[in-house]
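Visitor: Could you walk me through this model, one feature after another? I would like the general idea first and then the case at hand.

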Amino acid sequence: MNIVVLLKMVPDVVEELKIGDDFKSLDSDWLRYILSESDEHALEQAIILKEKYGGTITAVAPEAPEVDDALYSALAKGADRVVKIKGEWDIYRAPGLAFVFTRFIEINNLLGEHTLILSGSQAIDDLEGELVYYLAERLGLPGCCVVTSVQYNSDGNSITLLKEFSAGLRGEFEVSLPAVIGIQAAENPPRYIPIAKIRSIMKTQKIEEIEIPLEGVPPGIAIEKLFEPVGLERAEFLEGNPEEVSRRLVEIFSEKGII
Amino acid sequence: MANGIIIYIEHLKGIISDISFEILGAARKIADDTGMTLYAVLAGKTVDSLLPGLGKADLVITIEDDSLEMPNPEAIADILNDVGSAKGITLFMVGGTNVSSGIGAILSSKQKIPLINLCKNVRHENGCILATNQLFGGKIFSEIKIEDSKGVFCIYPGSYKSEAGKSDKFPQTEKFDYKPKVSKIKFNKIIEPDLSDVDISKEDILVSVGRGIGNKDNISLAEELVAVLGGAVSASRPVIDQGWLPLNRQVGKSGMIVKPKLYLALGISGAPEHVEGMKDSSLIVAINKDPAAPIFNFAHYGLCADIEDIVPVLTESIRNKKG
């Protein structure tokens, strides 16, 4: 079984986000990048499948700050090959990424009869929707997102997966391979890798680097402006030490008939 | 402006999703402002029972086929593409739900028109369609302008009141001929949530924990609070994904939609997919260390503090009050 995992870095929203002087992008001086959360789950799901069924994992990501750390970490977790797509990436919009990943898959001849392509179901900057479906359309493959479980079927030609709907409902689907699947959450939480193991991987293994010609990349929709949420009714903030605010909360709960 | 706008009516298990009424209301306003015709596409194995209540549309286009028993994004995108081509329309609105996930991106690929995702406010201004989108977990908004009426707008659930899209009027209908294609995705079955220990959608009080709780051991702080306050412990997605609480405790897009009398959010940032599940709670109190956390835009009362400092003291105060 051959698994390709598509990864991308996104701004860490735990940090402060500042809007740039052009009011159309984030101020990069303030940004810290992390691997997109559902991509981390896609990588974990790939490793779970490799442990169960064997096969190889190729993890690929476009160049971005901190991406080397994410790719070395992928090697330490169990990826067989990691690749960085070189280039200046201002935006990571799904239609453009789908173009680049499609070229990567074609150039490397990665699409076999049983290939499973995994990526995160969604990212926090998916202004133009989900990568998985754009990629599936480009490659002419079935695509499915919001997936939380993947099993290979005994015929070797298909997978069974669980997709989340709403209100706790899930659907079970059978998808023929090759396929592009968007992982929302892996069957287990992403594994922790000690920093010492990552450091040792850095000494013995390499990140491959590749350039993809960008002619023909969809330009993406233009942002008129970015702004911080305004006009929303903010909470009334309670101030004081823990005893004071707890007393006030008890009063509020009593007034509302909750206690 | 274009001559029309096409929206997709999402439904699951014989019930029209709230998002469909949100979109019906939003699209009705745009259609009224511009003189466009509003078409609603309703596809399923059988759809007659879903027609009453869709009267806000000028015309409901119905497609019935056994293959449409479950919503399949590939098939729905195909249908919307065909209807758009038949009517000469390139303006679409679909739901940004898990059920409808993918319809927008596939339709955008087929029609070669942009998809504008995460929309919370789509409107008509000076001959253009404008959208406000929530990015980066709701911390930053963007504004997009479409000048040529070509685009698929994907509406974030909970962005509009669904009442504006509801109607007692029976709509005008038109059948549409659709030839299903062979799909490489086969539906097997629906799996219901296990609610044997608790159904959080029926609880009056929820103490809900998020990533900010820090570690699994700290969930006991919420459990001790619930022991004196009543109700149940629920959680946002990261806590469930870590395996710290079972799936039936999840609030939000994929989890349960809850409307308790009190929703006490501990260490929850307030990402849109969580807010979707709890924004209609009667009283929302949020405790979070980050003063910029979007949850404070939805809470009635907020505390910018460390959970470990506040929650044990609050638990003790409630115990004393209750005697």
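Visitor: Is B:Asp78 buried or exposed?

Guide: Buried means under 20% relative accessible area, exposed over 50%, and partly exposed in between, with a 1.4 Å probe and protein chains only. B:Asp78 has a relative accessible area of 7%, so B:Asp78 is buried. This is a predicted model, where local features need pLDDT of at least 70 and side-chain atom pairs count only at pLDDT 80 or more, while totals for chains, interfaces and linings use all residues; side-chain values use heavy atoms, with hydrogens and water left out. Residues are numbered from 1 along each chain as its sequence is written, and chains are lettered from A and ligands numbered from 1 in the order in which they are written.

Visitor: Which residue forms a salt bridge with B:Asp78?

Guide: Side chains of opposite charge can pair when their charged atoms come close. The criterion is a side-chain nitrogen of Lys or Arg within 4 Å of a carboxyl oxygen of Asp or Glu. For B:Asp78 the partner is B:Lys110, with the closest N and O atoms 3.6 Å apart. This pair links distant parts of the chain, 32 residues apart: B:Asp78 sits in helix H2 (residues 73–87) of chain B and B:Lys110 in helix H3 (residues 103–111) of chain B. B:Lys110 is partly exposed, at a relative accessible area of 31%. Helices (H or I, at least four residues) and strands (E, at least two) are DSSP runs, numbered from the N terminus.

Visitor: How many salt bridges are there over all chains?

Guide: The search of the whole structure finds 42. One of them joins A:Arg32 to A:Asp12, whose closest N and O atoms are 2.7 Å apart. Both residues lie in the loop between strand S2 (9–11) and strand S3 (33–35) of chain A, so the pair ties together parts that are 20 residues apart in sequence. A:Arg32 is partly exposed at 41%, whereas A:Asp12 is buried at 8%.

Visitor: What does A:Glu44 pair with?

Guide: A:Glu44 forms a salt bridge with A:Arg191, again with 2.7 Å between the closest N and O atoms. A:Glu44 belongs to helix H1 of chain A and A:Arg191 to the loop between S10 and helix H5 (195–204) of chain A, so this pair ties together parts 147 residues apart in sequence. A:Glu44 is buried at 2% relative accessibility, and A:Arg191 is partly exposed at 25%. There is also a network of salt bridges linking A:Glu63, A:Asp68, A:Lys84, A:Lys86 and A:Glu209.

Visitor: And the sheet: in what order do the ten strands come?

Guide: Strands of a sheet pair through backbone hydrogen bonds, either parallel or antiparallel. Two strands count as paired if DSSP finds at least two bridges between them. Here the open, mixed sheet runs S11(A)-S5(A)-S4(A)-S1(A)-S6(A)-S10(A)-S7(A)-S8(A)-S9(A)-S12(B). Strand S11 (208–211) of chain A and strand S12 (185–191) of chain B stand at the edges with a single partner strand each, so one side of each has no neighbour in the sheet. Within the sheet, S7 (residues 143–152) and S8 (residues 158–164) of chain A are antiparallel and joined by five bridges, and A:Ser149 stands opposite A:Leu162 in S8(A).

Visitor: Which residues touch the most other members of the largest nonpolar core?

Guide: In soluble globular proteins, nonpolar side chains tend to be buried together. A nonpolar core is a set of buried Ala, Val, Leu, Ile, Met, Phe, Trp, Tyr and Cys residues joined through side-chain atoms within 4.5 Å. The largest one has 95 residues, and A:Leu116, A:Ile181, B:Met93 and B:Phe153 touch the most other members. Its largest share, eight residues, comes from helix H1 (residues 18–34) of chain B.
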